[in-house]
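Open the model in your viewer and keep the selection tool ready.

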Amino acid sequence: MAQARAKARAEARAPRGESVLAERFALFAECLLTGVWIAVASVGVVTYPAAFAAGARHLRRRAGHRVGGLREFAADFRAAVRGGWLVGLAGWAAVAVAWVDVQAVRAGLPGGPLVGAVGLLALIGLGVAGLRAAAVWTPGAAWHSLLADAGRRTVLDPAGSFLVVGGLVVVTCSAWFVAPLAVPVLGAVAAAAVAVEERHRRR
C-alpha cells in the first residue's frame, strides 16, 4: 500500500506530456506550414507532384513523431522531382484537354455537354489518383507504379477518394474567396491524402 501511494505521488509530481488538444493544434499548424513549402516547391510549374510527395512524407514523419524539417523536405523534393516532373507535365496536358472540352461545351457542339462532363470527371479522378500516389511516395519509388496502384485505389475506395475531392474543393473555394489562403491550405490537402491512404491501409 505504501509503495502504491509513493508511486501515485511520484506520478503526480512528474511533468505531464503534451495534451491531445495541443498536439492536434501543433499538427494543424504543421499542415499549414507544409502548405507554404508545397506552394514554393510548385513554382516550377511541373514540380507540383514532387512538392506534394515531399509534403506528404514530411507530415507522415510528423504524425509518427519522427524528427524532420525543411532540410528533409528539400531532400525528399529533390528525390521526388527526378521522375515527378514528367507526372506534372502529364497533369498539365490533362488540364489542357479538359479546357478543350469546356470550350466544346461553350461552343454548343453536338455532344459537347457529355464530352465536357466526362472530361471533367476524368480530370478530377486523375487529380485524386495523383494525390493518393504522392501520399505514399518514398525515395526510390517509381511514379508509374505509384500512379497505377493509386488509380486502382481511387476506383475501389470511393469514400476515400471523395474525402480527397473535398480537400480539393476547400482549396478551390479558398482561392476563389481569399487567394492567399489557398497556399497554406495545400498542406491540409496533403494531410487529407495521407489520412485517406492510412485509412485504406488499415482496412
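**Stop 1: the whole chain**

Remember that this is a predicted model. Show the cartoon view. How many helices and strands does the protein have? It has eight helices and zero strands. Follow the sequence along, and the pattern reads α-α-α-α-α-α-α-α.

The protein exposes about 12,300 Å², and carbon and sulfur atoms supply 71% of it. Of the 203 residues, 33% are buried. Look at the contacts too. Among those between residues at least 6 apart in sequence, 68% join residues at least 24 apart.

**Stop 2: the largest pocket**

Select Tyr48, Leu126, Gly127, Leu131 and Leu168. Of the 34 residues that line the largest pocket, these are the closest to its centre. The volume of this pocket is about 1,000 Å³.

Next, colour the helices that build the lining. At least two residues each come from H2 (20–41), H3 (48–63), H4 (70–107), H5, H6 (143–156), H7 (158–177) and H8 (182–202). Which helix gives the largest share of the lining of the largest pocket? That is H5, with nine residues.

Colour the lining by class. You will find 29 nonpolar residues, five polar ones and no charged ones.

**Stop 3: the second largest pocket**

Select Leu27, Cys31, Leu59, Arg60, Ala63, Gly64, Arg66, Ala191, Val194, Ala195, Glu198 and Arg202. These residues line the second largest pocket. About 230 Å³ of space lies there.

H2, H3 and H8 each supply at least two residues of this lining. H8 gives the most, with five residues. Keep the class colours on. This lining has seven nonpolar residues, one polar and four charged. The lining of the largest pocket, by contrast, has no charged residues.

**Stop 4: Gly119**

Go back to H5 and zoom in on Gly119. This residue lies in that helix, which covers residues 112–135. Is Gly119 buried or exposed? Gly119 is buried, because its relative accessible area is 13% and the cut-off for buried is under 20%.

Finally, pick Val100 as well and draw a distance between the two C-alpha atoms. Gly119 and Val100 are 19 residues apart along the chain, and their C-alpha atoms are separated by 9.2 Å.

Notes
Residues numbered from 1 in each chain as written. Predicted model: local features only at pLDDT ≥ 70, side-chain atom pairs only at ≥ 80, totals over all residues. Heavy atoms only, no water. Helix = DSSP H or I, 4+ residues; strand = E, 2+ residues; numbered from the N terminus. Buried < 20%, exposed > 50% of the residue type's maximum accessible area, 1.4 Å probe, protein only. 1 Å grid on protein atoms, 1.4 Å probe; cavity = no way out; pocket = protein on both sides within 12 Å on 5 of 7 lines; lining within 4 Å. Points joined across faces, edges and corners; volume = space filled by probe spheres on them. Nonpolar A, V, L, I, M, F, W, Y, C, P; charged D, E, K, R; others polar. Contact = heavy atoms within 4.5 Å. Areas by Shrake-Rupley, 256 points an atom, 1.4 Å probe, with all protein chains shown as cover.
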